[in-house]
Amino acid sequence: MSTPNGQKVQIMLEELAEKYGTEWDTTFVNIMSNDQKKEWFLRLNPNGRIPVLVDNTQSPPFAVMETSAELLYLLKFADKDDVFGFKDEYERSQALQWLFFWHGSGAPYQGQMNHFNKFAKDKIPYAIERFKNETLRVYGVLEVQLSGKYTGEPKEYLAGNGKGKYSVADIGTYPWVKAWEFSGFSKEDMKAFPHLLKWIDRIGARPAVKKGCGEKYNMPK
């Protein structure tokens, strides 16, 4: 099964393929055997984290690390019509704000929630409670944005005027948030976020999103 961070870029590529016929090759990296720590990978990303985007149209090939930077790279060089971005600079700023919000304030908390709640050998109640509460707090921020609590107008997507427009802000956030149950949150926990749950369903219904999170990207056996 591919990771939330991998799914961000996979979804973007699948969306670009549907719109423009974009083509790419996928190299599977087995993080369970620490392939991402091998020298060949570290030459592309010294941080040793997946995914890495490599643009082979450049000479020498150009490597991009960090998922938000990868989404923005694809947006600039592969989405000529800004289908998944914005031409208006203020709407573009909104997209950047929400993309960076999740990158810096959402994924790190939910990632730690996953670690301490599911994978840590020693269960530390304080750590589990802290990262659970912080992740729920961040979900609450997304709920405020989508509900239109302070604007009076609910939004269908995180960025853009009015109801918003599907963009890299949604693509960069969805793969983590849709995994709330995997992280250990209950349906009771999620009752506080009705607009967020509808947003999850809305994004998840897109064909390219299904492909980007689908079996195509599972590690070959």
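Author: In this predicted model, Asn-34 has a relative accessibility of 43% and therefore counts as partly exposed, since that class runs between 20% and 50%. Asn-34 is placed in the loop that joins helix 1 to helix 2. Its phi is near 60 degrees, which is a positive value in a residue that is not glycine.

Glu-66 belongs to the loop between strand 2 and helix 3. With a relative accessible area of 33%, Glu-66 also falls between the limits of 20% and 50%, so it is partly exposed.

The loops also contain two cis peptide bonds. One runs from Ile-50 to Pro-51, with omega near 0 degrees, and Pro-51 is found in the loop between helix 2 and strand 1. The other runs from Ser-59 to Pro-60, likewise with omega near 0 degrees; Pro-60 lies in the loop that links strand 1 and strand 2. Most peptide bonds are trans.

Beyond the loop of Glu-66 comes helix 3, which covers residues 67–78. Helix 3 comprises twelve residues, and the distance from its first C-alpha to its last is 16 Å, close to the 16 Å expected at 1.5 Å a residue. Its buried residues are Thr-67, Ser-68, Glu-70, Leu-71, Tyr-73, Leu-74 and Leu-75. An α-helix has 3.6 residues a turn, so residues three or four places apart point the same way. The buried residues of helix 3 pack against helix 1, strand 1, strand 2, helix 4 and helix 6.

What lines the largest cavity? Its lining consists of Leu-72, Leu-75, Gly-85, Phe-86, Arg-92, Ala-95, Leu-96 and Val-168. Helix 3 and helix 4 each contribute at least two of the lining residues, and helix 4 gives the largest share, with three. By class, six of the lining residues are nonpolar, one is polar and one is charged. This cavity has a volume of about 40 Å³, and the structure holds one cavity of 30 Å³ or more.

Between helix 3 and helix 4 there is a loop, and Lys-80 is located in it. Is Lys-80 buried or exposed? Its relative accessible area is 65%, which is over the 50% limit, so Lys-80 is exposed. The side chain of Lys-80 makes a polar contact with the side chain of Asp-81, at 3.5 Å. Not counting residues up to four places away in sequence, Lys-80 touches Tyr-20 and Lys-87. Lys-80 and Tyr-20 are 60 residues apart in sequence, while their C-alpha atoms are 9.3 Å apart in space.

Just after helix 5, Gly-148 adopts a positive phi of about 70 degrees.

Methods. Residues numbered from 1 in each chain as written. Predicted model: local features only at pLDDT ≥ 70, side-chain atom pairs only at ≥ 80, totals over all residues. Heavy atoms only, no water. 1 Å grid on protein atoms, 1.4 Å probe; cavity = no way out; pocket = protein on both sides within 12 Å on 5 of 7 lines; lining within 4 Å. Points joined across faces, edges and corners; volume = space filled by probe spheres on them. Helix = DSSP H or I, 4+ residues; strand = E, 2+ residues; numbered from the N terminus. Nonpolar A, V, L, I, M, F, W, Y, C, P; charged D, E, K, R; others polar. Buried < 20%, exposed > 50% of the residue type's maximum accessible area, 1.4 Å probe, protein only. Contact = heavy atoms within 4.5 Å. Polar contact = N/O pair within 3.5 Å; in protein donor to acceptor, adjacent residues only side chain to side chain. Expected span 1.5 Å × (residues − 1).
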